[in-house]
Amino acid sequence: MDVATQVLSEVRGQVLPVIPVIPVIPVAGPSVVRADPLPDAAVGGARAAGELGLTRTEFARAVQLGIVRAGPPAQGGAARYARAELERIRSGEGFPDALRERVETVAGAEGAGAVLGVSPGRFTRLARCGHITPVGYRINRYRAVVWLYLAAELRQFADREPGMLRGSAPPADRELLAAKADLRPRKWRGRHVGLLLRRTADPWERAAVLASVLPEEELRRAVPDPAERIVLAALAPPPPYGHPQIPAAAAVALRLLRAQPADELHWYRTSLDFALTGARGQSKSTGERGPT
């Protein structure tokens, strides 16, 4: 039993099941050699990546996007991937090239602008104004955020909005730029939360995803019961793949994980209230997962 669950049990006088959060398991090496399948019912992340012909980063992105679905975890909590799931992906049209195209990313305005055929400055304006949503980030040596974009989505945007790639900015964009707005963090958070919510149907885990976006003081106001906050903390999702480990860089990245504008905070608080209502109802009817 982990510490959070033990504390909660003492608070409420009941024993709660330990609910592990399934992490994305880093896989070794950049190998894209397609391994011969073994008769195991499920395999780890390294073997799964090799059999799908993906690098470590490509496989992590495929899991993040829900392209590859993890099965029940191993006894130690490590993610496992069912043979049937791997065969489903391998049987897809255009495998493996089509799969690699779906997870291909480009970094920063220069790389993304090259895909669109526009200057880095124009691309930055499009991204800051919310027309293109990042799929991830990394923090460079200067502690600056480098946004990552799906190459396939950039090509789709170019086909869908050719007028946005030339000419002057529309009035709405000019207003945002004059206000020094940057919608990239907010758009990324929305995408990140949405992907996490799609990976679980459990009410308490869904509430934990929404709670993880709120700053601590905001969370205390939204969830005044300390026992419930312990549950939400125990079920909180891990940082996204690529989140830095170096403290100075991690501090920069942490700001990306928390909602900031007042209307965004209100949206997540309202969503959390709704999720908690469902989670509390489950606990009252089954006695599982959270405080009753």
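Among contacts in the protein between residues at least 6 apart in sequence, 70% join residues at least 24 apart. Contact here means heavy atoms within 4.5 Å.

This is a predicted model, in which local features need pLDDT of at least 70, side-chain atom pairs count only at pLDDT 80 or more, and totals for chains, interfaces and linings use all residues. Residues are numbered from 1 along each chain as its sequence is written, and side-chain values use heavy atoms, leaving out hydrogens and water.

**The whole protein**

The secondary structure comes to 15 helices and five strands. Helices (H or I, at least four residues) and strands (E, at least two) are DSSP runs, numbered from the N terminus. The protein has 292 residues, and 43% of them count as buried. Buried means under 20% relative accessible area, exposed over 50%, and partly exposed in between (1.4 Å probe, protein chains only).

**Helix H6**

Helix H6 spans residues 108-116, and Gly108, Ala112, Gly113 and Leu116 are buried there. They lie on the same side of H6, because they cover an arc of only 145 degrees around the axis. The arc is that of the directions from the helix axis to the C-beta atoms. On the other side of H6, Glu110 and Ala114 are exposed.

After H6 comes Gly117, with a positive phi near 75 degrees.

**Thr200 and its loop**

Thr200 is found in the loop between helix H10 (184-198) and helix H11 (203-211). Is Thr200 buried or exposed? Thr200 is buried, because its relative accessible area is 14%. Its side chain reaches the backbone nitrogen of Asp202 at 3.2 Å. Not counting residues up to four places away in sequence, Thr200 touches Glu205 and Arg206.

**H11 meets H13**

The axes of H11 and helix H13 (residues 226-234) come within 8 Å and cross at roughly 90 degrees. H11 is therefore roughly perpendicular to H13. That label covers angles of 65 to 115 degrees; under 35 counts as roughly parallel, over 145 as roughly antiparallel and the rest as oblique. Axes are lines fitted to C-alpha atoms, for helices over the stretch in contact, and angles run from 0 to 180 degrees between N-to-C directions. Trp204, Ala207, Ala208 and Ala211 in H11 meet Glu228, Val231 and Leu232 in H13.

Key. Polar contact = N/O pair within 3.5 Å; in protein donor to acceptor, adjacent residues only side chain to side chain.
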